[in-house]
Amino acid sequence: MAHHSLPGCVRRPSKRGDTRASARWGLWLVSAWALLVLTGVCGCRKKDDRLTVGVAFETLQTEYWVASFEIMKAELERRNIRMLEAIADGDANRQLEQVKTFVARRVDGIIIAPKDAHTVIPMVKAANRAGIPVVLYNRPPAPSKAKSITVGVDNFSITRDTVLHMCELARQVKPPEGKRKHEALLVMGDLGDFNAIGRRDGFLSAVEACHDRVEVVSRVPSEWNQEKALAGVTNGLQAHPNISFVFTSSDFLLPSVMSALKAAGKWEKVGSDHHVILGAFDGDATAYALLRAGYLDVDGVQDVFYQSQLVVDALLGARAGRAVAPVVLDPGLVVHQGNLGTLGPRMWGAAVSKVVKPSS
Amino acid sequence: MPAYSNGPLLVPATAAPPANEGTGARPRRPSGLGSAGLVLMLAVLYFVLLLPVAPDLANIENLKLILSNMLPLLAVTLGQTFVLITKGIDLSVTAIIAAASVAGAAVMALPGWTGAAALLVGSLVMVGLGAAVGLINGLAVTKLTMPPFMVTLSTMMALSGAAVFGTRGTGIYGLPAVLAVLSQEELGGVPYAALLVVPLGVFAHVLLFRTLLGRWLFAVGRNPKTARVSGVPVHRTIVLAYVLCGGFTAVGALLYTGRLETGSPVLGQRIFLDVVGAAVMGGVSLFGGKGSVAGVLCGVLFITLIDNSLDILGFSSFAVLMTKGVVILMAAVLDATRARRVAA
């Protein structure tokens with residue numbers, strides 16, 4: 001593109017002038033932004049001599065993670081510990097950068113809810129090199145030389161106890177007409193996830209113990225995805241219309257199960273002739289509401305409040321040089337229609353503000 | 001701002017020497033306060049202004065961290081720069097990262113390899129895959145005359161799906177230790193990864209400003225019709241830009257994979273904003289025909305600094321996203337304003 005400067009023509013802005021204008025713009029904008037940040041930060045910051053702990057969560061995508069994060073924050077605040085937060089939005093590389101930033105800031109401890117068992121290892125190694133204690137929340141790391149403490153939930157035992165309660169109910173309720181046993185459907189999680197495997201195994205162990213009354217006819221691999229769960233349960237119910245026993249490995253898949261059961265005409269309250277014995281795992285607000293409304297028979301509950309205490313105890317113990325077991329498990333609790341009045345309030349779902357209205 | 005568009009290929013066709021003769025002036029590099037200088041100055045200003053409230057910004061560990069975080073992003077952004085200069089865009093870079101990560105990791109994790117051999121072959125597989133995807137993108141854009149947006153969006157979806165399908169959504173582990181060393185360790189304060197990315201930057205600079213292909217890239221981005229009349233093989237140039245983009249992106253994928261010691265089918269899914277943002281902030285025009293390696297370097301520095309500083313200030317990830325979005329939008333507005341002024 002050639003430009004010829006002819007007398008009388010409009011002058012094309014010079015590159016130097018253009019650059020100066022850009023520089024002015026840029027300087028103004030950056031200064032304004034930095035001042036804004038400074039104002040905000042200076043306005044809300046005081047000198048802080050408290051212990052500082054970095055909390056890096058992989059995601060806040062589900063109610064469980066949000067509740068865990070908020071309860072963790074409250075627990076640290078209760079103990080007068082300053083919390084730095086970092087959410088990686090499902091990006092393991094971003095989480096690595098965030099954890100390394102905590103390390104660079106020389107925090108007193110790091111709590112990580114990792115994306116998976118392997119990508120967390122470089123993060124733990126980075127903290128180990130700096131001598132900063134690390135507690136992993138909810139997901140243990142793959143075997144490696146990196147040193148950390150894991151606080152999790154006993155997925156196997158809680159699920160087994162939950163499903164054993166479902167088995168008891170199955171013994172009290174007659175199977176559908178023409179059937180000798182209750183036909184069962186299991187909604188599994190992502191089998192690359194330690195938690196999903198523990199829950200699947202807990203389910204199978206319990207069902208094995210009542211094989212005279214319950215037979216597994218369908219296993220739905222949801223990969224922790226609601227759409228896949230809905231499609232899988234719908235297909236399972238079409239292939240086996242007599243299914244009368246359903247367990248989902250996470251409460252957050254309950255809406256999918258509910259939709260599929262409704263579509264199959266099986267969404268009935270406890271005590272009705274066509275009620276499907278329904279169990280779930282987690283303890284979220286949906287499960288709490290469904291228990292109260294009489295649609296859900298039993299829920300295996302993670303005691304998130306207790307887990308948060310365990311996490312902070314483990315972190316402070318490691319920091320003080322005390323011996324802390326590498327894996328600390330929350331035994332959880334099983335909430336069902338019989339103990340809902342007493343144990344229900346201990347469900348974290350009962351504490352979160354979200355109001356879930358199960359439709360009939 | 002500097003314009004790299006006044007090479008011999010862009011003077012009126014009647015006066016233009018044949019492009020493939022390679023005679024005449026080369027694209028001019030910035031003089032005075034160019035894009036790179038401006039962005040660097042802004043980054044320094046931002047850094048200095050935040051120091052009183054975030055003194056950790058300047059601690060040596062944090063400075064090393066910023067450098068280390070910059071390197072893979074720089075490799076990917078340099079690749080994207082070739083395409084942006086031709087007035088294209090490659091949305092598939094995130095999928096190339098994921099696909100290259102799992103393909104390379106699958107090769108490296110095969111039993112029977114020694115560390116260095118596994119790394120070498122795995123890296124070649126990654127770069128080959130990236131370049132192959134770039135070739136497909138480039139051919140679709142040129143031979144099928146499809147919009148780059150549509151082509152690369154489709155490639156992105158197909159490739160992401162393939163990466164997840166091929167691994168069933170799980171990572172690939174057991175990679176050679178030398179990859180972790182390359183991506184995470186340092187020698188005398190300089191990350192080993194710099195030994196890979198700095199030559200890449202030099203290569204990109206030489207290619208853009210010292211070779212005929214570089215002039216063709218700028219010419220095509222500035223005005224493809226004029227470039228074609230001037231004898232520039234426009235299609236071939238565009239295809240090469242996408243191939244280079246794929247190859248450079250694969251190098252970034254190698255480093256990302258090494259940092260996490262995992263081949264992941266979801267690796268790099270959220271870095272597209274950073275890639276384009278860093279390029280635009282570094283003076284690469286979304287309207288084509290403009291850009292420099294030094295500018296991109298400073299853009300990547302600035303975007304990494306924003307990320308790091310907001311983490312240090314304890315901003316939530318949502319606030320970080322919003323901030324980066326606003327900063328990148330400002331850079332894009334600035335770019336559009338410049339383009340309008342030049343057009344006027």
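A word on the ground rules comes before the details. In this predicted model, local features need pLDDT of at least 70 and side-chain atom pairs count only at pLDDT 80 or more, while totals for chains, interfaces and linings use all residues. Residues are numbered from 1 along each chain as its sequence is written, chains are lettered from A and ligands numbered from 1 in the order in which they are written, and side-chain values use heavy atoms, with hydrogens and water left out.

Chain A holds an open sheet of six strands, in the order E2-E1-E3-E4-E5-E11, with parallel pairing. Strands E2 (82–87) and E11 (327–330) of chain A sit at the edges with a single partner strand each, so one side of each has no neighbour in the sheet. On average, neighbouring strands here are turned by 20° against each other, direction ignored. (Helices, H or I with at least four residues, and strands, E with at least two, are DSSP runs numbered from the N terminus; two strands pair if DSSP finds at least two bridges between them. Axes are lines fitted to C-alpha atoms, for helices over the stretch in contact, and angles run from 0 to 180 degrees between N-to-C directions.)

Inside this sheet, strand E3 (residues 109–113) of chain A is mostly covered, with five of its five residues buried. Buried means under 20% relative accessible area, exposed means over 50%, and partly exposed is in between, using a 1.4 Å probe and protein chains only. In a regular strand the side chains alternate between the two faces of the sheet. In E3(A), A:Gly109, A:Ile111 and A:Ala113 point one way and A:Ile110 and A:Ile112 the other way, and all are buried. On one hand, E3(A) pairs with strand E1 (residues 52–57) of chain A in the parallel sense over five bridges, and A:Val53 stands opposite A:Gly109. On the other, three bridges join E3(A) to strand E4 (residues 134–137) of chain A, again running parallel, with A:Val134 as the bridge partner of A:Ile110.

The bridge partner of A:Thr150 is A:Val327, and A:Val151 stands opposite A:Val328.

Now for chain B, which comes to 13 helices and two strands. Of its 344 residues, 57% are buried. Contact means heavy atoms within 4.5 Å, and among contacts in chain B between residues at least 6 apart in sequence, 79% join residues at least 24 apart.

Two packed helices are described by the angle between their axes and the distance between the axes. Helices H3 (residues 93–108) and H4 (residues 115–142) of chain B have axes that come within 8 Å and cross at roughly 150°. That makes H3(B) roughly antiparallel to H4(B). (Angles under 35 degrees count as roughly parallel, over 145 as roughly antiparallel, 65 to 115 as roughly perpendicular and the rest as oblique.) Their contact residues, among them B:Ala99 and B:Ala103 of H3(B) and B:Val125 and B:Leu129 of H4(B), divide into 13 nonpolar, five polar and no charged. Here Ala, Val, Leu, Ile, Met, Phe, Trp, Tyr, Cys and Pro count as nonpolar, Asp, Glu, Lys and Arg as charged, and the others, Gly among them, as polar.

Helices H11 (residues 272–281) and H13 (residues 317–343) of chain B pack at about 40°, with axes 9 Å apart, so H11(B) is oblique to H13(B). Residues that meet here include B:Leu273 and B:Asp274 in H11(B) and B:Lys324 and B:Val327 in H13(B). By class, this contact has seven nonpolar, one polar and three charged residues.

A:Asp89, in the loop between E2 and helix H3 (92–104) of chain A, has a positive phi of about 55° although it is not a glycine; at 32% relative accessibility, A:Asp89 counts as partly exposed. B:Thr145, in the loop between H4 and helix H5 (148–167) of chain B, has a positive phi too, near 45°, and is exposed, with a relative accessible area of 63%.
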